[in-house]
Amino acid sequence: MLEEWIETACAELGIDRADVDRDLVLDLAREVAHGVARPGAPLTTFLLGIAVGRGAAARDAAARLTALADGWDAG
C-alpha cells in the first residue's frame, strides 16, 4: 500500500518516482523520531525536501541530518 501511495502522490505532484528514495527518507525519519522527538521526523524530512529542492544531494543532506540527530542531546 505504501508504494502505491508514493506512486500516486508522485503522479499528483509531477515528481518522477525514480527521484524518491523511500528508504532514505524513512531511515532519516526513524533516526529523528527516536533520537530527537517524534514530531521532528516529518519536519526534518520536509527540511530535507527543501534542501534537495535547492540543489543539495539527498544522500549527503540526509547523512548530515542523521549525524546531527544521532549526536543530539536535548539536555
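Tutor: The expected span of a helix is 1.5 Å times one less than its number of residues. Helices here are DSSP runs (H or I, at least four residues), numbered from the N terminus. The model is predicted: local features need pLDDT of at least 70, side-chain atom pairs count only at pLDDT 80 or more, and totals for chains, interfaces and linings use all residues. Residues are numbered from 1 along each chain as its sequence is written, and side-chain values use heavy atoms, without hydrogens or water.

Student: How far apart are the end C-alpha atoms of α3?

Tutor: α3 has 14 residues. At 1.5 Å a residue, α3 should span 20 Å. The model agrees, because the end C-alpha atoms of α3 lie apart by 20 Å.

Student: Which residues of α3 are buried, and what arc do they cover?

Tutor: Buried means under 20% relative accessible area. In α3 that holds for G40, A41, T44 and L48. They sit on the same side of α3, because their arc around the axis (taken from the directions to the C-beta atoms) is only 95 degrees.

Student: Which helices do the buried residues of α3 pack against?

Tutor: Contact means heavy atoms within 4.5 Å. The buried residues of α3 have two helix partners, one of them spanning 58-70. The partners are α2 and α4.

Conventions
Buried < 20%, exposed > 50% of the residue type's maximum accessible area, 1.4 Å probe, protein only.
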